[in-house]
Each structure stands twice: as C-alpha cells, then as structure tokens.
Amino acid sequence: MPAQKSTKSWIQKILQGDLRTVARTCSLFENEDPLSESILSEIYRYTGNAFVLGITGPPGVGKSSLLSSLVEEAVRHGYQVGVIAVDPTSPLTGGALLADRLRMANLNHNSVFVRSLATRGTLGGLAFASFGILRTLEAMGKNFIFVETVGAGQNEVEVSHLATSTLYVTIPHLGDEIQALKAGILEVCDIFLVNKADLGNAEVAISQLRAMLTLKESSTAFPGKDAVPIWSPPILSCSALKKQGIAQIFHAVLQHFEYLKSTGELFERKRKQVQAELAAIMERRIAKEVESKLTTRATDLLLSKKSDPATLAKKILRRKQ
Amino acid sequence: MTKKIRILIAKPGLDGHDRGAKIVARALRDAGFEVIYTGIRQTPEQIVSAAIQEDVKAIGLSLLSGAHNVLFPKVVDLLKEQNAEDIIVFAGGIIPPEDAANLKARGVCEVFGPGTSTKDIVEFLKKKFHVRA
C-alpha cells in the first residue's frame, strides 16, 4: 500500500502499466480504501477515452465464453484489451467463487489484463468498484475494455452506466415474446446475440427479439427533416463454443461505435455516464452514513415503542443538518 | 466494507481430476474468501500471471498426475521472478510424504494430502492471514 509521499511514484507505475501496481490499485478500489480516492483524483485526467463494451444477459447463456472469443478478436485488431468480469458475492457468508477465468483458460495473451470482481453487495449487475477499476485500466493504457455483468435478469441496467456499447446475450428457448416485451434491460442494449445457435431454434428467439425491437422503433420514430439516423440494433446468432459468428459480432460492435461517433450520441452517453458515476459515489457515501445511524439506541427506541420509524428518521436526518 | 482475502485455485498439469479443487474452492467461498477458480490444464506461467492480475494473497494448486515435483516449484520460482514471493503457495493432491517435505523445502507453504478435511485448509488460511474465526 502506498505511503502518502510515494503516491506520485505509485501513479507513475499505474501509467506505465506495472501489473502489480495496477492489480493492487484494483484491490484498493474493491476494499473502498481511502487511498483509492486520492488515486482516482490523480488518474482521472487520463481516462474517458477507452471503448467500453458491456456484455450482459441471464446466467448460463455463455457470456464468459463469448467474452473470451471477442477478446481474441479485439487483440487481433490491435487493441490494448482489459477485462472486468463480475460474479456474485454470497449474501450469507460474504465469500465468492469467481469463475469467469475458467472460460478464458485458453487466453494466452500477456497483454490482456483480466480482473474478476465480486459484487460485494452491490445490486444492478455490477460491483461498486467497477467504476474505479475501469478508470485504472484506462490509465494503464487499455483502449478496449470489456465489462461482463453478473448473470442479469430483467432490471440490471447499470452496465449502461459505464459501457460505450452493450451486448445482450440470450439463447434459444429462454422465453416467449411477452418476456421480450417487458421493460428493462432489453431497452438499453445496442446489439443482440442469440448464443448456442448450434442447439437449433435460434430463428424463433431472433424473431421474438426482432418483433420487440421493431415495435420500439415504430413507437419512437417520426423523423423530421433533420433527424439523425436511428440505430436499429442488429440481432445476430452465434456459437461461442464453436467460434461461429464472432467476426460478425465484432464488426457490428465497431459499426455501432462509428454510429455513436458520427451522430454525436457518444458525447450524450458520456454525459450520462459521468453523472451516473458521480451519483454512484455519492449514494455510496450516503448509504454508509445511514448505516452509521442505525445505533443500538435508535433500535431500542423503536423496540420500546418510545418512537416510531417515521418520526425517528426525520429526527436523525434533521440532527445532521 | 471489510477487506476480503482473495485466493486463486488452479490446476496445473495435464490431469482433469478437478473434484478436489472444486471442493476446496467451494469450502473457501463458504468461509468468506473470494476465490478465483481458473480450471484445469493451466501452465505455471498462466497461473502466476492470473495471481498477479487478481492480486491474490495465496495460490492453491491441485495435481493428481505426479508432476508436482516439477510444476509446484516452477510456480514458486516464477513468483520470485516477478517479485511476488509474498503470494504464498499451498498444494494438494496425490503427493507422497517424502515429496511433500521436498516441496516445502522448495518454497511450497503447506501440502494437504488425500483425506484432509476442508476445515483444516480453511483454518490454515485464516491463521495465515489473521482472519477471525
């Protein structure tokens, strides 16, 4: 852990891409060590330029395997690649088994920096530390960073708070057209993939997704004369295991990036993302503050019925101001 | 948020008998550790690279093919090469007692043979990293 006076050389090592320093910095963010805050303020000016690709979808659809193939593709295209892969923390023991590396076992590039994160209680598909670690990887010089979420259900849209583009991965036989009509995660994704297409019936899943996306387009698109072109999310099938369709996916990702740049939506997204990052850090501070107010005395007041939760909450918050 | 101890569980060598590694990974998870599981057939280079990137405190190696005398010290040596000898290495598998002694002399911190209770492994790590029971 860096002493105050050596923070400068610590930052220098991050910028030079020293692996141990970068890895330890990631841990500082995970442990919410106060030092991580001063590191962030030093490296922040070097960040914000990487292409960040979010990969989300239900558990077991093959996100990690797909990630592994896409990482190889990105390396082939000459990118400096970083990976942030999130798996769940046990709510009972606080422990976690992080197995995203298992699917990346054949990844043999020393240039790829992979960090497995446990959610440590964060909801929404990411870990709180994801923001800080993303900034660290950018500062070390990574310009293509993958962020894989926890197996996400329907409402985990947080990945869009840090990803430039987001891939949604599903498989055949997972749900009917009503699932696809529901609100949430499907609304924030840019490219849709039906993985395990070698199992058959991928066409059904594709047509259900297409039906949902077509409805979305027609409900929002009454373009005026100066309207910017609207991105219609491609729906692709692939087999991560058999490495089929990977090049097409990567091509679609790059196309989407071009679209974002040419329409100015990239800037719009970045605006929303820095807001989301600021909000996440503030919410974290407030949550800690709230936790510290849950004293035995407050608890006793409620148990003895000397106060009620509404009155007490008002009282505690007023006292603070 | 409390500091979490991170442990890498890996299987070097060519055998695919990963039951033991998975059971240990699960037991450590249940004991509150963050376990990074890499799966089978990892080279010592891959294992050390993963350990450094993941900033783990310890590497647990499992091997049943008999190549432990070569592969375990290789991991220890590579860690030294990377100035990462603060990451401890512990091991399990079919390892004869005389080999275990030799491995310990070469820098493997502890060797757990067949029939070891997962409790003993958890206790060993908790003691090593001063985790309250």
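In what order do the strands of the open sheet of chain A stand, and is the pairing parallel or antiparallel? In this predicted model, local features need pLDDT of at least 70 and side-chain atom pairs count only at pLDDT 80 or more, whereas totals for chains, interfaces and linings use all residues. Residues are numbered from 1 along each chain as its sequence is written, chains are lettered from A and ligands numbered from 1 in the order in which they are written, and side-chain values use heavy atoms, with hydrogens and water left out.

The sheet of chain A is open and has seven strands in the order 4-2-5-1-6-7-8, with parallel pairing. Strands are DSSP runs (E, at least two residues), as are helices (H or I, at least four residues), both numbered from the N terminus; two strands pair if DSSP finds at least two bridges between them. Strand 4 (113-118) and strand 8 (235-237) of chain A are at the edges with a single partner strand each, so one side of each is left without a neighbour in the sheet. From one strand to the next the twist averages 20°. Within this sheet, strand 2 (residues 81-87) and strand 5 (residues 144-148) of chain A run parallel and are joined by five bridges; Val81(A) stands opposite Phe144(A) of strand 5.

Two helices of chain A are placed against these strands. Helix 4 (residues 63-76) of chain A lies across strand 1 (51-56), strand 2, strand 5, strand 6 (165-170) and strand 7 (191-194), and runs at about 180° to strand 5 of chain A. Helix 5 (residues 130-139) of chain A packs on the sheet and touches strand 1, strand 2, strand 4 and strand 5 of chain A, its direction making about 165° with that of strand 2. Here contact means heavy atoms within 4.5 Å; axes are lines fitted to C-alpha atoms, for helices over the stretch in contact, and angles run from 0 to 180 degrees between N-to-C directions.

A second open sheet takes strands from both chains: six strands stand in the order 3(A)-2(B)-1(B)-3(B)-4(B)-5(B), with parallel pairing. Its edge strands, strand 3 of chain A and strand 5 (110-112) of chain B, each pair on one side only. Neighbouring strands are turned by 20° against each other on average, direction ignored. Strand 3 (residues 96-98) of chain A pairs with strand 2 of chain B in the parallel sense over three bridges. In strand 2 of chain B, Glu34(B) is the bridge partner of Ala96(A), and Val35(B) stands opposite Leu97(A).

The contact between the chains takes 30 residues from chain A and 30 residues from chain B. The buried area is about 2500 Å², with 47% given by carbon and sulfur atoms; buried area is the accessible area (1.4 Å probe) that two parts lose on being put together, summed over both. Five salt bridges are found across the interface, a salt bridge being a side-chain nitrogen of Lys or Arg within 4 Å of a carboxyl oxygen of Asp or Glu. One of them joins the side chains of Glu30(A) and Arg6(B) (3.2 Å, N to O). On the side of chain B that touches chain A, the elements giving two or more residues are helix 1 (19-30), strand 2 (34-37) and helix 2 (44-53) of chain B. The largest share, five residues, comes from helix 2 of chain B.

Over all chains, the whole structure has 27 salt bridges. Glu30(A) also forms a salt bridge with Arg120(A), with the closest N and O atoms 3.7 Å apart. Arg120(A) lies in the loop between strand 4 and helix 5 of chain A and Glu30(A) in helix 2 (residues 19-30) of chain A, so this pair ties together parts that are 90 residues apart in sequence.
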